[in-house]
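Please look through the structure below before reading on. The text then goes through it part by part.

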Amino acid sequence: GAFYAIQGVIFFLGHPSLWGSILYPLILSSFISLLWFIFFLIFLLPPQYAIISYYLPNYLKTSYSLAILATILESSVISIIVALVLFLVYQVNLYNQVYKICNFKLSTQSTVVGSAKNTASSLLLTISVFVVSVPLNFIPFFGTIMFYLLNGFVFGWSIHQFYFDLKDVLFKQQMAYVFRNWVDYLSFGLVAMALNTIPILNFLFAYTNIVGAVLWTIDLEREEALKLYSHNSKKTILDRNVKALDPLNDVKPKAV
């Protein structure tokens, strides 16, 4: 999981043809995210410092550092959300470009419009989790860790929502698969969020994370074609050891 977040950066930098596709959303998301960061510094940093210092009165410097860290993490999540909102408009083009470069064709079972709607719903869930989990940062140290883990996992899941919808994978099936592979999704989400804490470059990384997620889908599809559909098997990557429907059973195997 974490490897794909790094691979997304390398792949994006190595293929200039992708740069133009995110130029406008990159500029816009950078501006919006900067405004949010300033807002967080002005309105969230002081109360977070006050609450943390209340519990750690003898460690004021540590309290201030924790408050700053919490503010940076919160603003990084906002950067990711802003990028995802704008990506709803550009995602089809970016997916197609990455697939074209990799000489890969995705067999889909859903419409692009329907997938975009479901991806928007997933985005609302991501935002809701973020809002609900913000108070965790008021708990010194451990609260910030929990905030990071929770939002990292949810982001790792949400970044594949468009892919799952194109494959017509229902929510229950997604949950079964994602929780069974929670280490991969958590590690991807954590690295993606860490990249988004880097000043200035975080706006770029919000999109390279998406590129990495697309590269991940290619490996998932290839794994299914080479392993799960060999010898006329009808099982899929989403129903191994799970009694569920076969959402991907129409994917055709590649010639080997």
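The paragraphs that follow go from the whole chain to single residues.

The model shown here is predicted. Its chain contains 10 helices and 0 strands. Written out along the sequence, the pattern of elements is α-α-α-α-α-α-α-α-α-α. Of the 256 residues in the chain, 48% count as buried. The accessible surface comes to about 13,000 Å², and 71% of that surface belongs to carbon and sulfur atoms. Contacts across the sequence can also be counted: among those between residues at least 6 apart, 74% join residues at least 24 apart.

A predicted model comes with a confidence score, the pLDDT, for each residue. The average over this chain is 75, and 76% of the residues score at least 70. Among the elements, helix 1 (residues 2-13) has the highest mean pLDDT, at 92, while helix 5 (residues 112-133) has the lowest, at 68. Over residues 110-114 the score is below 50, and this stretch has 7 contacts in the model beyond near neighbours in sequence. Over residues 225-256 the pLDDT is likewise below 50; here the contacts beyond near neighbours in sequence number 66.

Next comes a part of the surface. Residues L34, W36, I38, F39, L41, I42 and F43 form a nonpolar patch there, with about 650 Å² of accessible area together. One member, I38, sits in helix 2, which covers residues 23-43. Is I38 buried, partly exposed or exposed? The relative accessible area of I38 is 40%, so this residue is partly exposed. A patch of this kind takes in residues with over 30% relative accessible area, and the 40% of I38 is the value to set against that cut-off.

Helix 3 (residues 45-55) holds Q48. Q48 has a relative accessibility of 0% and therefore counts as buried, since buried means under 20% relative accessible area. Which residues does Q48 contact, leaving aside its neighbours within four places in sequence? They are A67, A70, T71, E74, N137 and F138. With T71 there is also a polar contact of 3.2 Å, which joins the side chains of Q48 and T71.

A50 lies in helix 3 as well. At 43% relative accessibility, A50 counts as partly exposed. Along the chain, A50 and F138 are 88 residues apart, yet their C-alpha atoms are separated by 9.2 Å. F138 has already come up among the contacts of Q48.

Phi of N103 is near 55 degrees, which is a positive value in a residue other than glycine. Is N103 buried or exposed? N103 counts as exposed because its relative accessibility is 69%, and exposed means over 50%.

Helix 5 is also the place of V132. With a relative accessibility of 65%, V132 counts as exposed. How far apart in space are V132 and F147, C-alpha to C-alpha? The distance is 9.8 Å, and in sequence the two are 15 residues apart.

The last two residues belong to helix 10, and F203 is one of them. F203 has a relative accessible area of 14% and is therefore buried. Not counting residues up to four places away in sequence, F203 touches L26, S29, S30, S33, L34 and S79. One of these, L34, is also a member of the nonpolar surface patch. L28 is 175 residues from F203 along the chain, and the C-alpha atoms of the two are separated by 9.6 Å.

The other residue is N209, again in helix 10, which runs over residues 202-228. Its relative accessible area is 0%, so N209 is buried. What does N209 contact, leaving aside its neighbours within four places in sequence? The residues in contact with N209 are A5, I159, F188, A192, L195 and N196.

Methods:
Residues are numbered from 1 along each chain as its sequence is written. This is a predicted model: local features need pLDDT of at least 70, side-chain atom pairs count only at pLDDT 80 or more; totals for chains, interfaces and linings use all residues. Side-chain values use heavy atoms; hydrogens and water are left out. Patches are made of residues with over 30% relative accessible area and no salt bridge: like charges are joined within 9 Å, nonpolar side chains (Val, Leu, Ile, Met, Phe, Trp, Tyr) within 5 Å. Accessible areas come from the Shrake-Rupley method with a 1.4 Å probe; for residues, only the protein chains shown count as cover. A salt bridge is a side-chain nitrogen of Lys or Arg within 4 Å of a carboxyl oxygen of Asp or Glu. Helices (H or I, at least four residues) and strands (E, at least two) are DSSP runs, numbered from the N terminus. Buried means under 20% relative accessible area, exposed over 50%, partly exposed in between (1.4 Å probe, protein chains only). Contact means heavy atoms within 4.5 Å. A polar contact is a pair of N or O atoms within 3.5 Å; within protein, one must be able to donate a hydrogen and the other to accept it, and residues adjacent in sequence count only if both atoms are side-chain atoms. pLDDT is the predictor's confidence in each residue, from 0 to 100.
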